[in-house]
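Please read it alongside the sequence and the coordinates.

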Amino acid sequence: MVGFKVISSVKLGIKSLLLHKLRSGLTMLGIIFGVCSVIAMLAIGEGASYEAQEAIKKLGSNNIIIRSLKPAEESQKSGNVGRTFMLEYGLTYADGARLADTIPGVSRVLPMRIIREAVRFDQNEVPCQVIGTLPFYQEIVGVDLLRGRFLTDYDELYQEGVCVLTMGLASRLFPYQDPLKMSLKVASSYYKIVGIVRERNTVEQRSQPGKLTEEPLDNNIYIPLSTSRSRFGEVLTRRTAGSFQMEKIELHQITVQMKDTTAVETADPQIRTLLKHFHANNDYELIVPLELLRQARQTQRIFNIVLGSIAAISLLVGGIGIMNIMLATVTERTREIGVRRALGAKKRDITAQFLVETVVLSIGGGVVGVIIGVITPIMVTHLSGMKTIVTVPSVLLAFGISGAIGIIFGLYPANAAAQLDPIEALRHE
Amino acid sequence: MKKVAESKPAATSSGNGSRAIIRIEGIKKTYVLSAENIVHALNGVDLSIHQGSYVAIMGPSGSGKSTMLNILGCLDRPTAGNYWLGGDNVATMPDDELSVARGKKIGFIFQSYNLIAQLTVIENIQVPLFYQGVDLARSHDRCVELARLVGLGDRLDHRPAQLSGGQQQRVAIARSLVNDPIMILADEPTGNLDSRTGTEVLEMIDHLNADGKTIVLVTHDDKVAARAHRVIHMKDGVIDREVLNRPGAPAGS
Ligand SMILES: Nc1ncnc2c1ncn2[C@@H]1O[C@H](COP(=O)(O)OP(=O)(O)OP(=O)(O)O)[C@@H](O)[C@H]1O
Ligand SMILES: [Mg+2]
């Protein structure tokens, strides 16, 4: 019996709303925009932060990355300007050993030398990064081996002249030939290509510290650390604006892999203290992906709250629109209310009737809003390439709010209708 | 016309009995507009109405006819006095019970028809049943039959706006019958109609009375009142005098 009454009430509500199609449509529009903007805004926010978080995750949440930094300008100027002079800075092999020995919870310490050089094969010349590192780079940083093999302990031990190329570089240098077993030339030495890898992500993609949205540099060549040391030497020469600049630098980067994330948290301050002790001139920076991840999540939470509130306000405005229209409707239908009361309708029947109308309006608007709200992010992704993620909770939230708004803003007009005196209502107009 | 009114009651006289379905005792209705301005719309009315009777209420404007009918129809509660409707004292009923009493025991016919604009003829007839929680699908046939009875069997899906005033009033009559009420209350049912359609509607009401329905009708028209068994004249909120049109019709109280 109750079910039947509900169904007939909904039918009746729809019928009454259809009497004023334009008015009902316009009223729904407020809710449609509100729901749509809640879903779309949260989807865009979610997408943006997802990308950032993925980028950070690839750095490895168990890792702590320390990079050498060229000291600030003023300290350089103290040398003789115009003449060649040597700048000595950066991480050292000793730092690596100290980190491995003194910090608890360290699993492995991966040293890297990163030198910018042009690599040549035949007529082709491509600027790239020559990364001297150890075989377990593959596991810590994460590269996929496509062909051949990665560097081995043997290569390291015997300072072999071998190298592994990234996919992009390989295709640029060898458009027609099979790169495997070929030799290429970097500076004045030759290296035999033993493998091709695809980078998942490295910190080198970030040309500036703190910035996460750099184009990936797919021009890497990996050689054994010992080979890099013996062939390039500790002193690197760089040509800058007409003058030579000599830099003495042992290591460009040390990636410390910790046993687990709790170890990362305890090790972070310890590593800072340790490095501060040996590097007074601040020629390094520490990147803790776990910390960045936490910050990114925090930022996203704030972002979501702000976006959500803006969208919720538009829903609120939609709700006020509904209430306004319903109040007008109640006035307009006062006579009908009186007739219904005379024919046996209780107060709560009248309340239900008008409440059903507002809920139908807001749920109807909610459904259309959800549809548009799901389509909008897809369009945004399609047109701008921005990543968007429509989450189920955001859809439920938007839909739930629209339903709640229907009830909250419908209650007052519905109650006002029910409280009308039947006689006065019948006499209306 | 008078002949119709007089020839029919024979059929109902057996049902008349002496059982009063409605009894009013010392009903007062007072509107306090301000401290000095107090309106006594009804000022102590006693009245009994028996099963199957046909009562007309007359009187000058402002004499309290509509107020009286509203109280009889459970739309309003008296300020003082008792109102017994089929055994229940309506005067003290809470609002929800008044609604139920209206829905089950009273049929209304209004001067301005008061059909619901967005509903069709058949749906309008169904409204009182809806609020009693009756299954509309099962009672559909009965509603169609009522529509046929008032001569609108071929207009079931028309909306009020597509009907003439007389037709609308006939829908209202069908609607007033659908819940099989104890009595039908009509406040100037022909006030908005021309004399011919008015007569049609009145004849229909006569038929209802002939079939045993109790009718209470407010009118300004002597010809209309002449159809009733009993004419109650009101003045300044009290019953001024009472006229029996038909010999043997039961008198009040
Ligand atoms: N809601 C109200 N507030 C104040 N006074 C009222 C109210 N309703 C009715 N009255 C007064 O009660 C008195 C009786 O009114 P009622 O409507 O019963 O008259 P009536 O006999 O039906 O008149 P008419 O023939 O013009 O319809 C009038 O004086 C009217 O002004
Ligand atoms: Mg009146």
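A residue counts as buried when its relative accessible area is under 20%. The model discussed here is predicted, and its values are computed from that model. Because Q167(B) has a relative accessibility of 14%, it counts as buried. Q167(B) belongs to helix α7 of chain B, which covers residues 165-177, and, leaving aside residues up to four places away in sequence, Q167(B) touches L152(B) and R155(B). V150(B) lies 17 residues from Q167(B) along the chain, and the C-alpha atoms of these two residues are separated by 8.5 Å.

Turning to the rings, the structure holds 7 aromatic pairs over all chains. One of them joins F108(B) to F110(B) in a stacked arrangement, with 5.6 Å centre to centre and 5° between the planes, and both F108(B) and F110(B) are buried. The pair of F130(B) and Y131(B) is edge-to-face, because the ring centres are 5.0 Å apart and the planes stand at 75°. F130(B) counts as buried at 11% relative accessibility, and Y131(B) likewise counts as buried, at 9%. In chain A, ring pairs link Y137(A), F150(A) and Y222(A) into a cluster.

Charged ends of arginine side chains also sit over rings in chain A, as listed below.

| Charged residue | Ring | Distance from the ring centre |
|---|---|---|
| R98(A) | F278(A) | 3.4 Å |
| R229(A) | Y93(A) | 3.8 Å |

Terms used: Residues numbered from 1 in each chain as written. Chains lettered and ligands numbered in written order. Predicted model: local features only at pLDDT ≥ 70, side-chain atom pairs only at ≥ 80, totals over all residues. Heavy atoms only, no water. Phe/Tyr/Trp six-rings, centres within 6.5 Å; stacked < 30°, edge-to-face > 60°. Buried < 20%, exposed > 50% of the residue type's maximum accessible area, 1.4 Å probe, protein only. Lys NZ or Arg CZ within 6 Å of the ring centre and 35° of its normal. Helix = DSSP H or I, 4+ residues; strand = E, 2+ residues; numbered from the N terminus. Contact = heavy atoms within 4.5 Å.
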